[in-house]
Number of protein chains: 2
Amino acid sequence: MFVIVMYDVHVKRVAKVLKTCRRYLYWVQNSVLEGEISKADFAALKRELAEIISPDHDSVLFYTFRTTRYTSRESIGIQKGGEDRFL
Amino acid sequence: MFVIVMYDVHVKRVAKVLKTCRRYLYWVQNSVLEGEISKADFAALKRELAEIISPDHDSVLFYTFRTTRYTSRESIGIQKGGEDRFL
């Protein structure tokens with residue numbers, strides 16, 4: 001399945017959250033990552049993130065898709081890096 | 001089409017960006033909105049946002065989908081409000 005992850009966590013935990021997400025997904029921009037992921041890995045990612053974040057202050061949002069890809073990804077403003085996998 | 005919008009803009013411009021996005025989409029969480037949108041409205045939204053943001057400091061990311069809905073949306077941590085349209 002394909003997943004898009006967006007996190008909003010305290011600056012103290014950003015590096016750890018990003019590092020964990022990067023083990024499974026591609027960084028797109030800022031606090032957004034995406035990629036193909038197995039069900040087992042997705043469960044592991046959520047479990048790992050739940051251990052890192054503060055449930056009262058942070059939040060992580062996951063969109064999952066059966067189909068592998070979105071139709072398009074566009075951005076305006078600055079590009080904050082990340083591998084661009086979209087053709 | 002269905003669109004997910006994520007913005008990362010200077011705090012000075014957040015209110016205006018959110019207000020503009022809300023005229024077209026539903027607020028999901030933090031700086032994330034989503035919804036069904038026509039091609040014309042999507043073009044209008046991008047045009048309006050491009051006028052508000054600072055292209056050197058802010059960024060807005062748009063994922064568009066032909067199919068109307070994602071398979072699932074999940075979150076961990078705090079729920080920061082927004083209309084929950086997902087069943």
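A salt bridge is counted here when a side-chain nitrogen of Lys or Arg lies within 4 Å of a carboxyl oxygen of Asp or Glu. By that rule the structure, which is a predicted model, holds eight salt bridges over all chains.

One of these is in chain A, where the side chains of Asp58(A) and Arg13(A) meet with an N to O distance of 2.5 Å. Asp58(A) sits in the loop between α2 (39-52) and β4 of chain A and Arg13(A) in helix α1 (residues 11-22), so the bridge ties together parts that are 45 residues apart in sequence. Asp58(A) is buried, at 0% relative accessible area; Arg13(A), at 18%, is also buried, because the cut-off for that class is under 20%.

Chain A has another such link between Arg73(A) and Glu34(A), whose closest N and O atoms are 3.0 Å apart. Here strand β5 (residues 72-77), which holds Arg73(A), is joined to strand β3 (residues 32-36), which holds Glu34(A), and the two residues are 39 residues apart. Arg73(A) counts as buried at 15% relative accessibility, and Glu34(A) is buried at 1%.

In chain B, Arg23(B) and Glu48(B) form a salt bridge of 2.9 Å, N to O. Arg23(B) belongs to the loop between α1 and β2 (26-29) and Glu48(B) to helix α2 (residues 39-52), so parts 25 residues apart in sequence are tied together. Arg23(B) is exposed, with a relative accessible area of 54%, while Glu48(B) is partly exposed at 23%.

Next comes the interface. In it, 35 residues of chain A are in contact with 35 residues of chain B. The area buried between the two chains is about 3,000 Å², and carbon and sulfur atoms give 57% of it. Of the area that chain A buries against chain B, Tyr63(A), Glu74(A) and Ile76(A) supply 23%, more than any other three residues. The rule finds two salt bridges across the interface of chain A and chain B. Glu74(B) forms a salt bridge with Lys46(A), with the closest N and O atoms 2.6 Å apart.

Conventions: Residues are numbered from 1 along each chain as its sequence is written. Chains are lettered from A and ligands numbered from 1 in the order in which they are written. This is a predicted model: local features need pLDDT of at least 70, side-chain atom pairs count only at pLDDT 80 or more; totals for chains, interfaces and linings use all residues. Side-chain values use heavy atoms; hydrogens and water are left out. Contact means heavy atoms within 4.5 Å. Buried area is the accessible area (1.4 Å probe) that two parts lose on being put together, summed over both. Helices (H or I, at least four residues) and strands (E, at least two) are DSSP runs, numbered from the N terminus. Buried means under 20% relative accessible area, exposed over 50%, partly exposed in between (1.4 Å probe, protein chains only).
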